[in-house]
Each structure stands twice: as structure tokens, then as C-alpha cells.
Amino acid sequence: MWKWLHPYAKAETTYKLCYRLLPYFSWLAVITLVSGSIWGLFYAPSDYQQGDSFRIIYFHVPTAIWSMGAYTSMAICGLIGIVWQIRNAELAVYAIAPVGAAFTFLALISGAIWGKPMWGAWWVWDARLTSELILLFLYLGVIALYNSFEDKRTAARASSILAIVGVINVPIIHYSVEWWNTLHQGASITKLDKPSISPDMLWPLLLNISGFLFVLAALVCLRLANQILINDARRPWVKAMVSEKTNKAEQSKNKATLADKE
Amino acid sequence: MNNLSTSKPLSYWSAFKSIFIREIKLAWQKPTQLVQPVVFFLIVVTLFPLGISPAPKTLQMIGPGVIWIAAILAIMLVVERLFRQDYQEGTIEAWLLSTVPMSLLVGAKLLAAWFISCSVLVLITPVLALLMNIETHVIPALMLSLLVGTPILLFVGAIGNALTVGLNQGGVLLSLLVLPLYIPVLIFATSLIEAATLNMSYTGQMSILISMLLVSCFFAPVAIAAALKNTVN
């Protein structure tokens, strides 16, 4: 496995990998999201209790799932970066953070929009809502810490440490909040809790869950590639790549002008 | 120090002890820094009856939570300048160069910091409990929760301070990093006090708090050492 992983410690290889993967992820995201959303929004049967407003589940649940998934993968990247001193993994932490924060924000907003007609309130201090809000704060902490350092290497390592500390806390926060909630409110009002969902509703949901995963992956690839490029802007491989591209552009320009002349 | 080549390597225990004593001595020389968090703690608690209601029933209900939140804010003040002076003077660089593991030295520093700034908070809690009209049988539970909880807050907050010590803008960023991590401690501590108010056993909450203390004792010095190394380099 090391032999397979080792080349990606080099910035250039990871950069190329990112751009190789990007189109696959993007197209998969477009296909799954379009089909899943159309299926879910127009063809899936409406809920016997919630009517059509349940359909926001096709955006709420995927973003909520991947907001947590992104945090975990961010912390794993941080751990790899700190333990094995792999700089690309540290860069991945900051590549993931804003995307994860956006997903968390979307999950909170879509939850609020869903909660208003169902529960009669935009916000209730429910366990899941609260831990999702805290997750947003954790993301914002990582982003703020990264941005406040001048030296980006120190910034990346500091935010990696914070991400690791945070991920140890995520389960504690989750269970403490759940416990706190049950202590104070008695019966839970969470209707999402393990919904026994019919297959016609479930399939578009699964499609959208995978679709949002591809969106996450595509955005992270793009951001990571950009981070690497910004970091290595003065390295020979970037210069070589840039000059190659400008040469190609000039060549095609020359060809075009030749064709014009002919 | 005269002949380094023949001197014995520093034993872990003597290094721990010397840092602990150094911290206590330093704190003794600057008593204002000792008093500030305590006064802050008092003032924050005083604001609540003025802002919400002085009715004894209301105070009794919100009292423990208010005292805990005030303690958290006071500890944020302590944590904010925990490593700042050491960083500016170069003490941390000296720690990095020593043969003793950094996390051990950090542990000594944290222990001393708890005795210097947080133990006083625990000790004056009964006075605040009287101000907030908290029943007397709840006060031991409140003090116990603070006794176990404040070191957790200090250790976790110290991670945040170690991450931001190289930056000139501490406060707001530090609270963004640290306060979300304080939430579980707050939840378990207040539920412990609630159980005590209802005359129920609170060993369950207590054992969770103690286990959180042990986990933070073990991991925080390692994380702080890593963060400080990162900042100094």
C-alpha cells in the first residue's frame, strides 16, 4: 500500500490526480443529482403525513450526512499530515473545511425550512440540530485559524491539530447533546429518526446522497489542486507546466493565424 | 551548569517540579493576574440578577448554569495569556531544546496554572451560590463539578492558546476555537447539578466528567506540545 500511496506525497502527482479525477466526479455528480432530484421531486409518492413538503429530504439528508463525513475525512487528512509529515494531507484539511462548512450550513438551512411547516418553528433545541450547529462552529474555527496565519505551512499544521482535537470531541458532543436533550424534553420530536421509508422514496434519496458525495469530492479536488498550485507557485514543475501551456496556446494561435492567411 | 558535559541528565521528576515551582513563584510576584479572573467571575455572576430578575425562584433555577458559564468565561481569560509570556521570552524554545519531553513540561505548567487561577474559582463558589440563592445541599455538588470541570476547561483551552500564541490577535479567535469544545463539559456539569437539586444520585455524571478529565489530562499535553512546536518553528 505504501508503494501505491507514496507518489502522492509529491505535490505534482497529487495535482495531476486531482485534475484527472475532477471530470469523473463532476459528471457523476451531475447525472446522479439531476436524476435523483427529478425522481424525488416529481415522481416519488408524497408522504401520507407530511404531504409534498417532505421532499426537502432529498437535499437535507445528503448535506447533513456529508457535513459529518467531510469533518471526519478532514481530521483523517490532518492526522496523516501530522504523523507522516505529508504536506498534501495538511493542504487537504483546508481544502475540505469550507466545503464541509457550506454543507453544514445547507443542512441547517434546509432543516429550518423543513422544520417551520412541520414543527411550527424555524429552530428547536433538538439534539441533532444542536450538534449540527456545533459542527458548523468547529468548521468555522478551522477556517478562521488557517486564515489568521501568515505562514501557510504553520497554518495548515495548526488547523490539522485543531481538526484532530475536534474529531475526538465530535462523538462526545453528539452524545452529550443527545443526553441533554432527552433529559430536558422527554419525548423526542425528531421525525427523522430512522424513518421506515418506502423504496420509491428511498432510491432517489440514495441517488442524491451519492450525488452530494460526488459534489463534495469534486469541489475538494478542485480546491486541493488550487491549494497545491498556490503553495508551489515558485517551484520548477509549476513553471514548466505554465510555460508548456502558454507554448501550446501560442502554437494554436499561430496555427489559427496561418489558417487565416491561407 | 558550569560543566555541562559531566552533569547528570535532568530527571523527569525534577524538571516537572522545577517548572511547577517556577510558575508558582512567577504568579506570586504578580498578584494582580491572580485576582483578575476571580473578580471577573464575581462580576459576571452579579450581572445576571440585574439583567434577568432578582426573584429568588428564578435565581435558584438559573444559578448553577450562570455560575458555570461565568467560570467558563473566567477560564477563557486565564487561558488567553497562558503561554504568551513564555512564548515572547523564549521559554518555550528552551523547553523544546531540553532533554525532557515537552508534554511533561506542559503538564507541569498546566497543573500550576490550575492551582494558581482555577482553584480560587472553586473556593469562592459557595459565596456566589449564596448570592444566587442556591440551596445549601446543592453547593457541594456545584463545587465538585467545578473541581473536576475546571481542569478540563483549562487543558482544552490551553490547546487553543498553544495554537494561537504566535498570532497577535488572540481573544476572539481563541473563543471560536475553544468554546464549542466546552459544550459537553457544560452539559454534564449542569445535569450533575440538576440531579443534585432533585436529591438524586449524580455518580453517573460525575464519572463521565472524571473520565473526560482523564482523557484531557492524557491527550491535551501532547496536542499542546505539538501546537507549540508548530508555532515556534
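Me: Before we begin, how are residues and chains labelled here, and what kind of model is it?
Reply: Residues are numbered from 1 along each chain as its sequence is written, while chains are lettered from A and ligands numbered from 1 in the order in which they are written. The model is predicted, and local features need pLDDT of at least 70, side-chain atom pairs count only at pLDDT 80 or more, and totals for chains, interfaces and linings use all residues.

Me: Let's start with chain A. How many helices and strands does it have?
Reply: Helices (H or I, at least four residues) and strands (E, at least two) are DSSP runs, numbered from the N terminus. Chain A has eight helices and zero strands, so its elements read α-α-α-α-α-α-α-α from the N terminus on.

Me: How do I tell what is buried, and what share of chain A is?
Reply: Count neighbours: a residue is buried if 20 or more other C-beta atoms lie within 10 Å of its own, exposed if 12 or fewer, and partly exposed in between, with C-beta atoms placed from the backbone. Of the 262 residues in chain A, 37% count as buried.

Me: Is helix α8 of chain A buried or in the open?
Reply: None of its residues is buried: the number is zero of 26, so α8(A) lies largely in the open. Take Lys255(A), which is found in this helix, residues 236-261. Lys255(A) counts as exposed because it has 10 C-beta neighbours inside 10 Å. Its C-alpha atom is separated by 49 Å from that of Leu41(A), 214 residues apart along the chain.

Me: What span do helices α8 and α3 of chain A reach?
Reply: The expected span of a helix is 1.5 Å times one less than its number of residues. For α8(A), with 26 residues, the reach from first C-alpha to last is 37 Å, close to the 38 Å expected. Helix α3 of chain A (residues 57-84) has 28 residues and reaches 40 Å, close to the 40 Å expected.

Me: What is the phi of Gln85(A), and why might I look at it?
Reply: Most residues other than glycine have a negative phi. Gln85(A) follows α3(A), and its phi is near 55°, a positive value in a residue other than glycine. Gln85(A) sits in the loop between α3 and α4 (87-119) of chain A, and it counts as exposed, with 11 C-beta neighbours inside 10 Å. Asn133(B) lies in the loop between α6 (102-131) and α7 of chain B and is partly exposed, with 16 other C-beta atoms within 10 Å.

Me: How do I describe two helices that pack, and at what angle do α2 and α3 of chain B do so?
Reply: Two packed helices are described by the angle between their axes and the distance between the axes. Axes are lines fitted to C-alpha atoms, for helices over the stretch in contact, and angles run from 0 to 180 degrees between N-to-C directions. Helix α2 (residues 31-51) and helix α3 (residues 56-80) of chain B pack at about 150°, with axes 9 Å apart. Angles under 35 degrees count as roughly parallel, over 145 as roughly antiparallel, 65 to 115 as roughly perpendicular and the rest as oblique. That makes α2(B) and α3(B) roughly antiparallel.

Me: And at what angle do α7(B) and α8(B) cross?
Reply: They cross at roughly 170°, and their axes come within 9 Å; α7(B) and α8(B) are therefore roughly antiparallel too.

Me: Which residues does Leu177(B) touch?
Reply: Two residues are in contact if their C-beta atoms, placed from the backbone, lie within 7 Å. Leu177(B), in helix α8 of chain B, touches Gly141(A), Leu145(A), Leu162(A), Gly160(B) and Leu163(B), not counting residues up to four places away in sequence. Leu177(B) counts as buried, with 28 C-beta neighbours inside 10 Å.

Me: How many residues does each chain bring to the contact between A and B?
Reply: Chain B brings 19 residues and chain A brings 23. On the chain B side, the largest share, ten residues, comes from α8(B).
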